[in-house]
Each structure stands twice: as structure tokens, then as C-alpha cells.
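I opened a new notebook page for this chain. I wanted to go through the fold, the metal site and the packing in turn.

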Amino acid sequence: MIPSSILAVAAPLFLAFVVTACNKPTEESSGVTIEHEITPHPVRVGPATLTLRLADARRQPVTGASIMLEGNMSHAGMSPVFAQAKETEPGRYQAIVDLSMAGDWNILTHITLAGGQKLERQLDVKGVRAN
Ligand SMILES: [Cu+2]
């Protein structure tokens, strides 16, 4: 077991690493599971609704988290799109992300739990269709 004081120090460093090397999938140390769903399906250019469900190791909803989304495309030279998720029911968070171009996107999910712990998760949204 790693003492929690070390995790508290390591978490911000890990966050910085993820932001820099954003193709690495994240491994959670918190036991929090994150399920996601994106609509419409298939995804098209324009506003997409991203729904995230957070549950703890006992499968209870994780409430009171603050979630910021950052959408990036796989090519260089395009500025990211940002969205803040709202908790629509306990443990369920929803955001509208404006996918402004057809192609492959990834959505970096910055999660701050009620206790201050930060998590990162990257979601691939490939093949967004032109309207
Ligand atoms: Cu683009």
C-alpha cells in the first residue's frame, strides 16, 4: 500500500504529466469508475452531449465532483473547446461539447472530487461526421 500522503503529493504531478502527454490513458488510484456516453450516435459536427457516471469502489454514486472537459482534435493547430459538466442527478454529470469539425476528437476530462482529489480521463471520439 502507498500511504495516502504520498498520493496527495503525487496526484498533482500526475495531472501535469497527463496534460503534457495527453495520449496516455489514465489509471485511477481512487477506485472511482467513470462510465461515459455521447450522443447523438453516430456523433456529428455540432453540439454533442456527454454524460458521465461516476461511482466509487462500492458502486455508490460519486456526488459533488467538479468536471471540466477539454476537447481536442488529433491534428495540430486547432484550439481546444471547453465545457463544464453539470450534475443532473447524483453521480451523473452532463456537458454539451461543441465538436466544431469533422474527424477524430479526444475529450480530456478533468475531474475534481468533492474531497479535492483530481482525476483525469481521456475519451476518444473518433470519426465525427460532417453534417
Ligand atoms: Cu480540427
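Predicted model: local features only at pLDDT ≥ 70, side-chain atom pairs only at ≥ 80, totals over all residues.

My entries follow in the order I looked things up.

**Confidence**

The mean pLDDT of the chain is 84. I noted that 78% of the residues reach 70 or more.

**Fold**

I listed the secondary structure next. The chain has 1 helix and 8 strands. Along the sequence the pattern reads α-β-β-β-β-β-β-β-β. Of the 131 residues, 34% count as buried. I then looked at contacts with a separation of 6 or more: 55% of them join residues 24 or more positions apart. The accessible surface comes to about 7,800 Å². Carbon and sulfur atoms hold 56% of that surface.

**Copper site**

Which atoms coordinate the copper ion? I found Met73 (SD), His75 (NE2), Met78 (SD) and Met101 (SD), at 2.1 to 2.3 Å. The angles among the 4 donor atoms run from 96 to 124°, and the site is tetrahedral. For reference I wrote down that the ideal angle for four tetrahedral donors is 109.5 degrees. The donor residues are spaced M-x1-H-x2-M-x22-M in sequence. The pair Met78 and Met101 links distant parts of the chain, 23 residues apart. Met78 sits in the loop between strand S3 (66–73) and strand S4 (81–84). Met101 sits in the loop between strand S6 (92–99) and strand S7 (103–112). Is Met101 buried, exposed or partly exposed? Its relative accessible area is 35%, so Met101 counts as partly exposed.

**Nonpolar core**

I turned to the largest nonpolar core, which has 28 residues. Leu52, Leu54, Ile67, Leu69, Ile107, Ile111 and Leu113 touch the most other members. Strand S1 (33–39), strand S2 (46–55), S3, S4, S6, S7 and S8 each give two or more residues to this core. In soluble globular proteins, nonpolar side chains tend to be buried together.

I took Ile107 from that list and checked its contacts, leaving aside neighbours within four places in sequence. Ile107 is in contact with Ile38, Leu50, Leu69, Glu70, Gly71, Val97, Arg121, Gln122, Leu123 and Val125.

Leu123 lies in strand S8 (residues 118–128). Why does Leu123 count as buried? Its relative accessible area is 3%, and the cut-off for buried is under 20%. Beyond four places in sequence, Leu123 is in contact with His36, Leu50, Leu52, Trp105, Asn106, Ile107 and Thr109. His36 and Leu123 are 87 residues apart along the chain, and their C-alpha atoms are separated by 8.4 Å.

Thr109 is in strand S7. Thr109 is buried at 0% relative accessible area. Its contacts beyond four places in sequence include Leu52, Ile67, Met68 and Leu69. Leu119, Glu120, Arg121 and Leu123 are also among them.

**Leu99**

Leu99 is in strand S6. Leu99 is buried, with a relative accessible area of 0%. What does Leu99 contact, leaving aside neighbours within four places in sequence? I recorded Val43, Arg44, Val45, Gly46, Ala48, Trp105 and Val128. I also logged the C-alpha distance from Leu99 to Arg129, which is 9.9 Å for residues 30 apart in sequence.

**Backbone notes**

Thr39 to Pro40 is cis, with omega near 0°. His41 to Pro42 is cis, with omega near 0°. Pro40 is in the loop between S1 and S2, and Pro42 is found in the loop between S1 and S2.

Arg59 went on the list for its phi, which is positive at about 65° although Arg59 is not a glycine. Arg59 lies in the loop between S2 and S3. At 71% relative accessibility, Arg59 counts as exposed.

Key: Residues numbered from 1 in each chain as written. Heavy atoms only, no water. pLDDT = per-residue confidence, 0-100. Donors = N, O, S within 2.8 Å, 3.2 Å for Na, K, Ca; no water. Tetrahedral: all angles 85-135°; square planar, octahedral: opposite > 155°, others 65-115°. Helix = DSSP H or I, 4+ residues; strand = E, 2+ residues; numbered from the N terminus. Buried < 20%, exposed > 50% of the residue type's maximum accessible area, 1.4 Å probe, protein only. Contact = heavy atoms within 4.5 Å. Areas by Shrake-Rupley, 256 points an atom, 1.4 Å probe, with all protein chains shown as cover. Core = buried A, V, L, I, M, F, W, Y, C linked by side-chain atoms within 4.5 Å.
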